[in-house]
Amino acid sequence: MFDRYESGEQAVLVHIDLPKDGDREDLHELELLVSSAGVSSLAVVQGSRQAPHPKLFVGTGKAEEIAEIVKIHNADVVIFNHQLSPSQERNLERVCQCRVLDRTTLILDIFAQRARTHEGKLQVELAQLRHMSTRLIRGWTHLERQKGGIGLRGPGETQLETDRRLLRARIKNIRARLAKVAVQREQGRRARTRNEIPTVSLVGYTNAGKSTLFNRITDSDVYAADQLFATLDPTLRKLDIGDVGSVILADTVGFIRHLPHDLVAAFKATLTETREADLQLHVIDVADPRRRENIEEVQSVLKEIEADEVPQLLVYNKIDALDDVSPRIDRDDQGQPIRVWLSAQTGEGCELLSEAISDLLAKKMLSGTLLLAPQYGRLRASLFSLSAVHEERFDEHGNWLLDVRLPIVEWNRLIKEFGPEIEGFINRD
């Protein structure tokens, strides 16, 4: 049903410089996308225009130049580093005599190749179907209305109308199945909220090194590679952070410039982990010359999914690719961490990240002096097993005086285990 790439397929790439900042794309990024899709680039056609041509996106002369290059190299497909309208795709295919795909279709194809989980596959298929629904005519323009006559009368639909109806039914079916998955995901999230376990979500531009960092600090083996969209399916791991205790770390899909809206809509359930996190770690490739634009693009997508209000820590990754940059934490006027400089590849500075996360989530800690009578020896033992006791002494009545510091979630668990009366035993700092 979809335009899928074959291994070893060969393409001609087209990149047009446009004066508007909002329409500009990066040629190097297109080459990375094509490589991630498993397609070989035979040639790159470049040009510039003040505005896209309404029929061909490029001018007539440039379209003929592309067609000539396709013929010389015997290319299978032409890939534009821009979003094309359905009519522009059809017109270009007539000129080039081969398939013509745009940036959005290319990204959708990469997502389709990388999705591993049932939910991820459904989300990608939904995005593809929504994108395809505006382009159905290209596959059916050669078909006439269904045959009439005795014994051959159809339901009165053209093939295109039939296909649109089937497409709508499939979209409805996928949305229903995704709704069930969303309910299951929400149940897990509610359970973590009840247990007051903080969630930390990794966000960032694609290929910024999120999965490498995730593997480094959680001792996991999530697939990580130097390619765009190596991670699609969210992965959750429990992590122990100093004073905070257990936190859930979520590795999520990377963002990209002009991320297709159909994809953002399809992945909204998955991105809920980002929207409802206690803290976002915004991973940035510090060696990327376009890092400023990448940061802005990530913030734009976070705003689109209503996740821009979540507290954020900037993680400047890949410092090993720069000279004279050492691991460090940058803090604001109140002493709160705002940036951490590290290398997920070499492990330099990763301990500083744990320190920064601990500082930012430390407000969820409880500290004070606990007065315990001798019959509460089991509670004292539990506090020592949690490494929550900083100092121990006795009063004149033989009661324990414990200076404690522990996560509120652990204190609430102790209240459930030993009874609400222990709440009155602590004199909070």
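1. H282 is buried, with a relative accessible area of 1%, where buried means under 20% relative accessible area, exposed over 50% and partly exposed in between, using a 1.4 Å probe and protein chains only. This residue lies in strand β8, which covers residues 279–285; strands here are DSSP runs of E with at least two residues, helices are runs of H or I with at least four, and both are numbered from the N terminus. Leaving aside residues up to four places away in sequence, H282 touches V203, G204, I295, V298, Q299, Q312, L313, L314 and V315, a contact being heavy atoms within 4.5 Å.

2. A word on the basis of these values: the model is predicted, so that local features need pLDDT of at least 70 and side-chain atom pairs count only at pLDDT 80 or more, while totals for chains, interfaces and linings use all residues. Residues are numbered from 1 along each chain as its sequence is written, and side-chain values use heavy atoms, with hydrogens and water left out.

3. Taken as a whole, the protein has a secondary structure of 14 helices and 15 strands, and of its 429 residues 50% count as buried. Among contacts between residues at least 6 apart in sequence, 69% join residues at least 24 apart.

4. Two packed helices are described by the angle between their axes and the distance between the axes. Helix α1 (residues 27–36) packs with helix α4 (residues 103–114) at an angle of about 40°, and their axes are 9 Å apart; the axes are lines fitted to C-alpha atoms, for helices over the stretch in contact, and angles run from 0 to 180 degrees between N-to-C directions. That makes α1 oblique to α4, since angles under 35 degrees count as roughly parallel, over 145 as roughly antiparallel, 65 to 115 as roughly perpendicular and the rest as oblique. The crossing of α1 past α4 is left-handed, a label used if the near helix is turned anticlockwise from the far one by less than a right angle, whereas clockwise gives right-handed. On the α1 side the contact is made by E29, L30, L33, V34 and S36, and on the α4 side by R103, L106, I107, I110, Q113 and R114. By class, this contact of α1 with α4 has six nonpolar, two polar and three charged residues, where Ala, Val, Leu, Ile, Met, Phe, Trp, Tyr, Cys and Pro count as nonpolar, Asp, Glu, Lys and Arg as charged, and the others, Gly among them, as polar.

5. Helix α4 also packs with helix α5 (residues 118–132): their axes come within 9 Å and cross at roughly 155°, which makes α4 roughly antiparallel to α5. The crossing of α4 past α5 is left-handed. Here T104, T105, L108, F111 and A112 of α4 meet V124, A127, Q128 and H131 of α5, and the residues of this contact divide into five nonpolar, four polar and no charged.

6. For α2 and α3, the axes come within 8 Å and cross at roughly 50°, and the two helices are therefore oblique to each other. The crossing of α2 past α3 is right-handed. In this contact A63, E64, I66, A67 and V70 of α2 meet L92, V95 and C96 of α3, which gives seven nonpolar, no polar and one charged residue.

7. The structure holds three aromatic pairs, a pair being rings of Phe, Tyr and Trp (its six-membered ring) with centres within 6.5 Å, called stacked if the planes are under 30 degrees apart, edge-to-face if over 60 and tilted for the rest. Y376 and F425 form an edge-to-face pair, 5.0 Å centre to centre with 75° between the planes. Because Y376 lies in the loop between β12 (365–372) and α13 (377–385) and F425 in the loop between α14 (408–418) and β15 (426–428), the pair ties together parts that are 49 residues apart in sequence. Y376 is buried at a relative accessible area of 17%, whereas F425, at 21% relative accessibility, counts as partly exposed.

8. Most residues other than glycine have a negative phi. N74, however, has a positive phi near 55°; N74 is placed in the loop between α2 (60–73) and β3 (77–80) and counts as exposed at 62% relative accessibility. Q97 has a positive phi near 60°, is placed in the loop between α3 (86–96) and β4 (99–101), and is exposed with a relative accessible area of 66%.
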